[in-house]
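Thanks for coming, everyone. Have a look at the model first.

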Amino acid sequence: WEGDDVGIGLVGSMDKFAMVLGAVVWGRVLQVAPVKPMLMIGLALNALASYAFGNMRDKYFMLGAKGVMGITQALQGVWGTVWTVSYAPPDLQSTWLGAGAISAGLGNG
């Protein structure tokens, strides 16, 4: 990676690209597939990809691991929004959605 600023930047942002694409796919998948197994599979794949990313040295495998991380994180983001809209009291939906966004930010800090 030495001297490869573009490669480092791509690895750093690959999960975000994958989240954008994954959100579109998960929005449809969650309409036709059972949610609990999808969440369990997504969390397991995210854990495996995170572990793999931390132990890899090959940049292409690292890019792949970050892609899987992003796709599985998109599932969590889509489901969290759907759950909030489904279960929050109507007068508190915007507050709950805002709290979810803030907590995600705090979790990354």
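**From one tryptophan to the whole chain**

Trp83 sits in helix α3. Helices here are DSSP runs of H or I with at least four residues, strands are E runs of at least two, and both are numbered from the N terminus. This is a predicted model: local features need pLDDT of at least 70, side-chain atom pairs count only at pLDDT 80 or more, and totals for chains, interfaces and linings use all residues. Residues are numbered from 1 along each chain as its sequence is written, and side-chain values use heavy atoms, with hydrogens and water left out.

Back to Trp83. Its relative accessible area is 37%, so Trp83 is partly exposed. The scale is this: buried is under 20% relative accessible area, exposed is over 50%, and partly exposed is in between, with a 1.4 Å probe and protein chains only. Setting aside neighbours within four places in sequence, Trp83 contacts Ala88 and Trp96. Contact means heavy atoms within 4.5 Å.

Is Thr84 buried or exposed? Buried, at a relative accessible area of 10%. Not counting residues up to four places away, Thr84 touches Gln93, Trp96 and Leu97.

One more residue in α3: Lys66. This lysine counts as buried, because its relative accessibility is 11%. Leaving out neighbours within four places in sequence, Lys66 is in contact with Val11, Gly12, Met14, Asp15 and Phe53.

Now helix α2, residues 35-55. The helix has 21 residues, and at 1.5 Å a residue α2 should span 30 Å. That expected span is 1.5 Å times one less than the number of residues. The end C-alpha atoms of α2 are 30 Å apart, which agrees.

Which residues of α2 are buried? Met38, Leu39, Gly42, Asn46 and Ala49. Down the axis of α2, these buried residues fall within an arc of 100°, so they line one face of the helix. The arc is taken from the directions from the helix axis to the C-beta atoms. The general rule: an α-helix has 3.6 residues a turn, so residues three or four places apart point the same way. Turned away from the buried side of α2 are the exposed Lys36, Met40, Leu48, Tyr51 and Asn55. Cover for the buried residues of α2 includes α1 (5-32) and α3 (59-87).

On to the largest pocket. Its volume is about 310 Å³. Of the 14 lining residues, the closest to the centre are Gly77, Gly100, Ala101, Ser103 and Ala104. For the method: on a 1 Å grid over the protein atoms alone, a pocket is an open set of points where a 1.4 Å probe fits, with protein on both sides within 12 Å along at least five of seven lines, and lining residues have an atom within 4 Å of a point. α1, α3 and α4 (93-108) each supply at least two lining residues. The largest share, seven residues, comes from α4.

Last, the whole chain. There are four helices and zero strands. The C-alpha trace spans about 50 × 30 × 20 Å along its principal axes. Of the 109 residues, 23% are buried. Among contacts between residues at least 6 apart in sequence, 61% join residues at least 24 apart.

Methods
Points joined across faces, edges and corners; volume = space filled by probe spheres on them.
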